[in-house]
Amino acid sequence: MASEIDPLLPCSRRYSVQQRDCSWCRSPDSSFHGGIRRLRSYSNRSASVGSNPEEDDDLYIQQATVFIEDAIQYRSINHRVDSGSLRLYLWYYSKVCQRFLNLNIFVLLALAFIEKPSSLTVTSDVRFRQTPWEPPCGMTESIELLCFFVFVADVAVKSYLIGLDEFWKTKWLVAYILVIVVSMVDWVISLCFFCTEMVRIRRVFRPFFLLQNSSMMKKTLKCIKRTLPQLASVMLLLALHLCIFTMFAMLLFPRVKESEGSKEWQTYFPYLPDSLTSLLVLLTTANNPDVMIPAYSKNRAYSLFFILFIVIGTFLLMNMLTAIIYNQFRGYLLASVRTSVLRRRLGIRAAFQVLCYQRQSRAGVDEHFESVGTDMFLKVLKKVDMNSFHKHAIIQQTKALSSEYILPSQFQRVFDELDKDVVKEHPPKPEYQSSYMKKLQFVFSHPYIDFVGNIVVLINIICICVTLVLDADKAISDRDDYILGALNCFFILYYVLEMLLKILSVGLRGYISYRSNIFDGLLTLLLLALEIATFSLYKFPHPGWNPSITGVLSLWEMVRLVNMLLIFRFLRIIPNVKLTSLVASTLFDLIKNLRAFAGILVVVYYVFAILGIMLFKGVIVAPGNASVVPNIHSGNVSDNSTMDCGTYEQLEYWSNNFDDFAAALVVLWNVMVVNNWQVFLDVFSRYTTPWSKLYFVAWWLISSVVWMNLFMALILENFIHKWDRSHHGPCSELSHIEYQMTVQAMFRDDLEEPTEEELLEQLHHHPHLHLDI
């Protein structure tokens, strides 16, 4: 036991580690708190044993600082806590190191665009695409090797910081090493074949590096995995619904001898796989009403079959699937978020306990302290890397305490400031002595000025729309841009005057403290610069104002660019309409804070794009080259340019293929949107094998059914939370309070705080920090 003790631990803590087993096991009092009291006595008796107080203080402060930063970032505190390891830990989680690691992941993922098959062509259309530039063998492989070295260093640092025992308990780290090993073996095989091998397994594993580097993405993936069993029941109902109606369709539309009666069978329901495909596409309404037109044209009663199928499948079962995903996923995400909150409380409690030891070691008396000195806490807080707003709020809350010492409950309470909204305070207005300036300031700082400005912008947009409608049928040479140019000049002068008067009334700092004003100001300055450039090239507007091209842009292009920017100014109404502001803020928060879901979608896109390249690269050829197609399952096809209406060839979808990574991403996007996705099912089954439909159906299930429903559930949760907040919160004016909605904040009201016993139990089992608690 003595050989496992960290030599950098203070003497009091070394003693408590040595005595832990015997004092805990041989105690007549088997209760948890009885053991705690005995451990306290051992630590207190050894507190006066010679150790360097200054080194101890530095170590305690360093530990407390790291624990608080762990709490802020919802990181686990189960890592090494000696001085050298903490320095390595701080370096690893520094912004520079983490950004370098993220850049390394980005570079590795981006290699798919330039390595063979390269996406470096202007178009992906097989009819016009030129031979792309291919990197020489060893170029992208060298970049890959450098990225692998970074990942090896990353996993080595992580493994060292948490210790070997914790490493084997962490499945993600074990998988991290396995993926690196498999990737490097595949890299060696690639070089052995001089980069000519058809399949590169390591490409499929690349998104794993993005997953393992994001704790929120791992939590989200875990929640998705736990939600899948609940989805299976609805999926089973959907499959049963699809199979039953497929049987009905084959019985309802059988093959008959009369040619006029077999069109529905011949086109959509000839065989079981084709019938399943037709109804599966109809479930997404992508081929509605095309699939029922032949039968409906013969007898209108046939429409009841298709209507009943859509009502049950699309309107009932698919919406039920959304409801189940929303309910189940919210419950699992809530449990995951509670783990994050537990990490925060645990980190704060660990910092408090470390500072208690610091106070005890400095006192050198046989007494266990249950409080932390305010001055020492403020000293630690200044070293913590955190948001300046939250740091200032915590310092103010600490200074407001009446006592010189902070109790455990108070210590946790001051960190509640981390969960509060970031309120943006605006600078005070300038004070003028002149009564005229005061009146001017009152008028142009009034909220109604924004209302008047919005009316002016609306009038401006209407004028632009009317002018465009009147000039739509005129030739460019017959247009008279005098009216539009004069209107633009008038409105731009108004915007410049409005901006200057606002700056005069609230001051420059007060003006730029509002994001809407920054948006307005930048657009106004850009509009003014374009208008000055227009006047310098084409003089002032006058009747018949339509000169020839002068310089880089023609007059029409200059005016069009100005009008496009004027349309953007119409966005200024968003903060002034409460519901619109609520929707816009919800969208912005989803973009800023729910990046984990976008990251998982990127991972799925990447994997399916690589698989698509492996399966379908080169199967689509240009018109007239059907002879080079390896396998076409349509018996009468001799030229792929003469196909039926609605097919891949007739619609000229030639740019939708899997010949390179960028093109594959676009195809996957088109299938996820599900409009006309039956075209892709048909063409790749004809040019390869009917089993190719499984690839597209799997992509549709993952992207369009599961992921889109998850995203919809989070949009609903975020919007409902903001709606309740705006109507029942302390302040409902969203234009005056700007805050960020995190996943933790979304479920804050539904979370239960961890108890003191839970925190102490977790600290007691810390693998590296042996606290006497």
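Arginine 80 sits over the face of tyrosine 160, at 4.6 Å from the ring centre. A charge is taken to sit over a ring if NZ of Lys or CZ of Arg is within 6 Å of the ring centre and within 35 degrees of the ring normal. Arginine 75 does likewise with tyrosine 93, at 4.2 Å from the ring centre. The model is predicted, and for that reason local features need pLDDT of at least 70 and side-chain atom pairs count only at pLDDT 80 or more, while totals for chains, interfaces and linings use all residues. Residues are numbered from 1 along each chain as its sequence is written, and side-chain values use heavy atoms, with hydrogens and water left out.

Rings of Phe, Tyr and Trp (its six-membered ring) pair if their centres lie within 6.5 Å; planes under 30 degrees apart count as stacked, over 60 as edge-to-face and the rest as tilted. Phenylalanine 658 belongs to the loop between helix 26 and helix 27 (661-673) and tyrosine 695 to helix 29 (residues 693-728), so the pair ties together parts that are 37 residues apart in sequence. Both phenylalanine 658 and tyrosine 695 are buried; buried means under 20% relative accessible area, exposed over 50%, and partly exposed in between (1.4 Å probe, protein chains only). Elsewhere, ring pairs link Phe245, Phe248, Phe253, Phe269, Tyr302, Phe305, Phe306 and Phe309 into a cluster. Serine 303 lies in helix 15 (residues 303-363) and is buried, with a relative accessible area of 11%. Leaving aside residues up to four places away in sequence, serine 303 touches Met292 and Tyr296, where contact means heavy atoms within 4.5 Å.

Turning to the backbone, most residues other than glycine have a negative phi, and most peptide bonds are trans. The bond from asparagine 288 to proline 289 is cis, with omega near 5 degrees, and proline 289 is found in the loop between helix 13 (272-283) and helix 14 (293-298). That loop between helix 13 and helix 14 also holds threonine 285, a residue with a positive phi of about 60 degrees although it is not a glycine. Threonine 285 is partly exposed, at 37% relative accessible area. A cis bond also runs from lysine 116 to proline 117, with omega near 0 degrees. Phenylalanine 194, in the loop between helix 9 (171-192) and helix 10, has a positive phi of about 55 degrees and is exposed, at 64% relative accessibility.

On the surface, Val182, Met198, Val199, Ile201, Phe205, Leu611, Met614 and Leu615 form a nonpolar patch with about 720 Å² of accessible area together. The elements giving two or more residues to this patch are helix 10 (201-212) and helix 26 (595-616), and helix 26 gives the most, with three residues. Isoleucine 201, in helix 10, is partly exposed at 45% relative accessibility.

Taken as a whole, the protein chain has 31 helices and two strands, which are DSSP runs (H or I, at least four residues, for helices; E, at least two, for strands) numbered from the N terminus. Of its 773 residues, 46% count as buried.

Conventions: Patch = residues over 30% accessible without salt bridge, like charges linked within 9 Å, V, L, I, M, F, W, Y side chains within 5 Å. Areas by Shrake-Rupley, 256 points an atom, 1.4 Å probe, with all protein chains shown as cover. Salt bridge = Lys/Arg side-chain N within 4 Å of Asp/Glu carboxyl O.
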